Amino acid sequence: MTKLIRIESADNSKHKVQVQVFDKVTAENATDFLVDTYNLDVPCAIKEVYIHSGRYLVIRETPVTKE
């Protein structure tokens, strides 16, 4: 089943969020395939991504760059 997932950077901090979309690889000793990367760089940014049994997300905070 396909599911729509919504990720929101829901505060006003300067910390940024990165969303990586991976497809699972079923071949032996193979690494999963990076499909896309989305950066939520501004407060209250939202990204919607579809997942299914062969797809997963990695969500992480990215370092704050000094201005």
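Predicted model: local features only at pLDDT ≥ 70, side-chain atom pairs only at ≥ 80, totals over all residues.

## Fold and dimensions

The chain has 5 strands and 0 helices, so that the pattern read along the sequence is β-β-β-β-β. Among contacts in the chain with a separation of 6 or more, 66% are accounted for by residues 24 or more positions apart.

The radius of gyration of the chain is 14 Å, whereas a compact globule of 67 residues would have a value near 11 Å. Along its principal axes, the C-alpha trace spans about 45 × 25 × 10 Å.

## Burial and the nonpolar core

Of the 67 residues in the chain, 18% are buried, where buried stands for under 20% relative accessible area. The largest nonpolar core has 7 residues in all, namely Ile7, Val17, Val19, Val21, Leu40, Ala45 and Val49. Strand 2, which covers residues 16–23, gives the most to this core, with 3 residues.

Which residues does Ile7 touch, not counting residues up to four places away in sequence? Ile7, itself a member of the largest nonpolar core, touches Val19, Leu40, Ala45 and Val49, and also Ile46, Lys47, Leu57 and Ile59. Val19, Leu40, Ala45 and Val49 are likewise listed in that core.

Key: Residues numbered from 1 in each chain as written. Heavy atoms only, no water. Helix = DSSP H or I, 4+ residues; strand = E, 2+ residues; numbered from the N terminus. Rg over C-alpha atoms; globule rule 2.2 N^0.38 Å. Buried < 20%, exposed > 50% of the residue type's maximum accessible area, 1.4 Å probe, protein only. Contact = heavy atoms within 4.5 Å. Core = buried A, V, L, I, M, F, W, Y, C linked by side-chain atoms within 4.5 Å.
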